[in-house]
Amino acid sequence: TMPSIFSYLSSEIDWCESNFERSEIIAEYYNTVSAGASAGPEACCRERRDGAALLDSLFLFIPLNFLVLEGVCMGNLTQPASFLAGLFSSYFHMTLSYVGQLLDELSILWTLAAAYSFWYPKVYFPRCIKSRKHFFWLSGITTVVSTFLSFIKPALNAYALNCIAFHLLYLTRKELKKCNDNRVHRTARIMIMWWVLAITSWLSDRWLCGFWQMINFPYFHSFWHVLIAMSLLYCCPLVIYFDVIYEMPSFKPQLVYWPSDSWPVAVPYVELEQSHKQC
């Protein structure tokens, strides 16, 4: 009989870390723990006493955590989705099951779809799309089709999801050409640095597993979980910043670092000021 799709090790994918080495019920201990950090608290959204809106990304492990900037904190779709992405990633690495793999990948896919639907700049819409509502439908149909395609060759799903990063980098490059704010450029450089380290760790775990196992250090997928979260820590404020430029022209966004600009690793957030001036 065929093994259950919920069974341990029923997935086609097995990462480099040894299975059940530290626990009888957790297949990949360090991958599971590092993925669990993704299910941490969401970024907060609050109003300062002086009336200026302050949008903080105050947590280090917040993958795909985007906020809606409509005067109140309205990340009601992406916040649960990003939490589930971290939860399902932990479940996948704990069991290496077929269902766990699909839950992990599809939660990321649908979170990305929600983020694109709400925050993709209208200036980049295809010519046939005339409104945000039409773009919602395009995103929804594309995501549903991609969901069905993901069942055909599950081993390729992770590669396809990672390729979306190249489109995000392309959009970032186009936006940076229009902007002379040094803090924005600095944030983008740091985001790209963390992403390069993350994708290098991911590919190393996939392609050089034999070498890492030979030297008894098969933990680069765990590094991937942390490093991609660090990259998205800087990506999210950039998304917020450019969304304000396009959607809230009465405000001037400014990137600020907590606790200080001088710290080598600081948490960026967007502070809004009245009297917008084009970047």
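Reader: Which residues form one aromatic cluster?

Author: Rings of Phe, Tyr and Trp (its six-membered ring) pair if their centres lie within 6.5 Å; planes under 30 degrees apart count as stacked, over 60 as edge-to-face and the rest as tilted. In this predicted model, one aromatic cluster is made up of Tyr29, Tyr30, Phe211, Trp212, Phe217, Tyr219, Phe220 and Phe223. By the pairing rule, the count comes to 22 aromatic pairs. Among aromatic pairs, Trp15 and Trp202 are edge-to-face, with 5.7 Å centre to centre and 65° between the planes. This pair links distant parts of the chain, 187 residues apart: Trp15 belongs to the segment before helix H1 (29–36), and Trp202 to helix H6.

Reader: On what basis are the residues and values given?

Author: Residues are numbered from 1 along each chain as its sequence is written. The model is predicted, so local features need pLDDT of at least 70 and side-chain atom pairs count only at pLDDT 80 or more, while totals for chains, interfaces and linings use all residues; side-chain values use heavy atoms, with hydrogens and water left out.

Reader: Is Trp15 buried or exposed?

Author: Buried means under 20% relative accessible area, exposed over 50%, partly exposed in between (1.4 Å probe, protein chains only). Trp15, at 6%, is buried, and Trp202, at 3%, is buried as well. Of the 279 residues of the chain, 49% count as buried.

Reader: Which charged end sits over the ring of Trp15?

Author: A charge sits over a ring if NZ of Lys or CZ of Arg is within 6 Å of the ring centre and within 35 degrees of the ring normal. Here the charged end of Arg206 takes that place, 4.2 Å from the centre of the Trp15 ring. Arg186 likewise lies over the face of Tyr257, at 4.2 Å from the ring centre.

Reader: How do the axes of helix H6 and helix H8 cross?

Author: Two packed helices are described by the angle between their axes and the distance between the axes. Helices (H or I, at least four residues) and strands (E, at least two) are DSSP runs, numbered from the N terminus. Axes are lines fitted to C-alpha atoms, for helices over the stretch in contact, and angles run from 0 to 180 degrees between N-to-C directions. The axes of H6 (residues 182–207) and H8 (residues 220–247) come within 8 Å and cross at roughly 155°. Angles over 145 degrees count as roughly antiparallel, under 35 as roughly parallel, 65 to 115 as roughly perpendicular and the rest as oblique; H6 and H8 are therefore roughly antiparallel to each other.
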